[in-house]
Amino acid sequence: PGEAADKTALLDKIDQSIASADSLLKALLNISKLDGGGIEPRFTSFCLGDLLTELHDEFAIITGAKGVDLRMVDTKEFVRSDRALLRSVLQNFLSNAARYCGSGSILFGCRRSGDTLRIQVWDTGPGIPQHEQRKIFEEFHQLRQRDAGPREGLGLGLAIVRRIARLLNHPVALVSNPGQGSCFEIKVPMAPREVDIRPAKVSTVGPLDALDVLCIDNDPVILNATVALLKRWGCNPRTIATAQELEASAASKAVPDLILLDYQLDDGATGFDYLNILSERWEMLPPVILITATQDADAEVEARARGITILPKPIAPAQLRALMQQLCAPRQAAE
C-alpha cells in the first residue's frame, strides 16, 4: 500500500508538472503574440454588466471553496473595447485577488469618471509594498507573502495584462498598502447605452430554467457556492451533505433531472455508494456528473461502466453549464 501511494503521489506531481509546463507555454505564446503584433483587437460596444456577471459566475465556486466572500456591483453601462481581451484582464485581476486574500473578501464593479468607466477589483488581502508595485507587472515576478502557502501561478498574468492594456489603450492602475488590501483597475471608454438590443435580455428563459438538480457533496462551502451558481442559471437545486440527508432524499419520490456527485464523501464513502442507495429506492437514475479531484483509475472505470460523465476539479462554470445542457437536452426535447 505504501509503495502504491508513493507511485500515485509521483504521478500526481508529474501531471502537475505537465500542466504547469503547458500553462507556461501558452502564456509565453500569448506574450509573443502581443509583442509581435499577432493579436489584433476587435472593438465593439457591449454591456459591461453582462461581462461582470459572467465573471462572477465563473469565480463563485473557486472563491466559495476558499471561503472568500465574492461580491459584484452590477451596471447597465456600455463600454467600447475588445470583449475577449478585456475579459482576460479582469480574469487576471480576480485570480490574483482570490489567490492572495486568504479567507477575506473581494468586491468588483465600476465607477464612472468623465467619459470612461474605471473597472475595479478590490480585495482584503495583505496588500503590496510600494517597492513591489511596479515589479509585479514584470515577467515571472510573484509576491512572496508569509503564510501564503505554496506559490501558485507563473508570474506572467500581470505581464500579459500590461501588454493587453497597451494594445487596447486602456490604462491600468494599482492602489495598495500593506495590511489594507489592494485595488487593481482598468479604465475603459464608455459607449452609448443600447438597452433594446442586449442579447442577454432578449429572452428570460434559459436552457437550464426549472431544471431540478441534486447536489451531493460533504463540503458545505462548495455546496453553497454550487447552489448559488445553479440558482443564477435558473435551476432548482437541492442538496445532500450527510448520510442522514441521503436517507431522507432516497425516501422521496422526487427524482431530479440531474445529479452533481462528489466522489470522496464522509466516513470513507464514495459518491457511488450514495448512488447505489438512491438507485435502490428510485425506479431509474437521471444523468450524473461525477466531480472529483482524485485521479483514481478504478473510479474512472466504474464511472464509464455506469455511463457517468467525469468533471475534474476545480470546476470551470462554463464547462459545467455546457455539460449540463448536453446531458439534459433529451429532457428538453421531450418537453
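# Exercises on a predicted model

Asp267 lies in the loop between β10 (258-262) and α7.

**Exercise 1. Determine whether Asp267 is buried or exposed, and describe its phi angle.**

*Solution.* 
Step 1. The relative accessibility of Asp267 is 83%. Exposed residues are those over 50%, so Asp267 counts as exposed.
Step 2. Phi of Asp267 is near 60°, a positive value in a residue that is not glycine.

**Exercise 2. Carry out the analysis for Asn169: where is this residue placed, and is Asn169 buried or exposed?**

*Solution.* 
Step 1. Asn169 is placed in the loop between α4 and β6 (172-176).
Step 2. Its backbone has a positive phi of about 60°, although Asn169 is not a glycine.
Step 3. With a relative accessibility of 66%, Asn169 counts as exposed.

**Exercise 3. Classify the packing of helix α6 against helix α7 by angle and handedness, and state which residues make the contact.**

*Solution.* 
Step 1. Helix α6 spans residues 243-251 and helix α7 spans residues 271-281; they pack at an angle of about 25°, and their axes are 9 Å apart.
Step 2. Angles under 35 degrees count as roughly parallel, and α6 is therefore roughly parallel to α7.
Step 3. The crossing of the helices α6 and α7 is right-handed.
Step 4. On the α6 side the contact is made by Ala243, Leu246, Glu247, Ala250 and Ala251, and on the α7 side by Tyr274, Ile277, Leu278 and Arg281.
Step 5. By class, the residues of this contact of α6 with α7 comprise 7 nonpolar, no polar and 2 charged.

**Exercise 4. Treat the packing of α7 with helix α8 in like manner.**

*Solution.* 
Step 1. Helix α8 covers residues 297-306; α7 and α8 pack at an angle of about 30°, with axes 11 Å apart.
Step 2. The two helices α7 and α8 are therefore roughly parallel to each other.
Step 3. From α7 the contact draws on Phe272, Leu275 and Asn276; from α8 it draws on Ala299, Glu302, Ala303 and Arg306.
Step 4. The contact of α7 with α8 has 4 nonpolar residues, 1 polar residue and 2 charged residues.

**Exercise 5. Describe the largest nonpolar core: how many residues does it have, and which element gives the most to it?**

*Solution.* 
Step 1. The largest nonpolar core has 36 residues. Leu86, Leu90, Phe93 and Ile106 are those with the most contacts inside this core.
Step 2. At least two residues of the core come from each of α2 (48-65), β2 (69-72), α3 (83-100), β4 (105-113), β5 (116-123), α4 (157-168) and β7 (182-191).
Step 3. The element that gives the most is α3, with 8 residues.
Step 4. Leu86 illustrates the surroundings: when neighbours within four places in sequence are left aside, Leu86 is in contact with Phe46, Leu48, Leu51, Ser81, Ile119, Leu168, Ile186 and Val188.
Step 5. Apart from this core lies another, of 21 residues, among them Ile61, Leu229, Ile289 and Leu320.

**Exercise 6. For Val213, identify the element that holds it, its burial and its contacts.**

*Solution.* 
Step 1. Val213 is found in strand β8 (residues 212-216).
Step 2. The relative accessible area of Val213 is 1%, so Val213 is buried.
Step 3. Val213 and Ile259 are 46 residues apart along the chain, and their C-alpha atoms are separated by 5.7 Å.
Step 4. With neighbours within four places in sequence left aside, Val213 is in contact with Leu230, Cys235, Asn236, Pro237, Arg238, Leu258, Leu260 and Met324.

How values were computed:
Residues numbered from 1 in each chain as written. Predicted model: local features only at pLDDT ≥ 70, side-chain atom pairs only at ≥ 80, totals over all residues. Heavy atoms only, no water. Axes fitted to C-alpha atoms, helices over the stretch in contact; angles between N-to-C directions. Helix = DSSP H or I, 4+ residues; strand = E, 2+ residues; numbered from the N terminus. Parallel < 35°, antiparallel > 145°, perpendicular 65-115°, else oblique. Left-handed = near helix turned anticlockwise from the far one by under 90°. Contact = heavy atoms within 4.5 Å. Nonpolar A, V, L, I, M, F, W, Y, C, P; charged D, E, K, R; others polar. Core = buried A, V, L, I, M, F, W, Y, C linked by side-chain atoms within 4.5 Å. Buried < 20%, exposed > 50% of the residue type's maximum accessible area, 1.4 Å probe, protein only.
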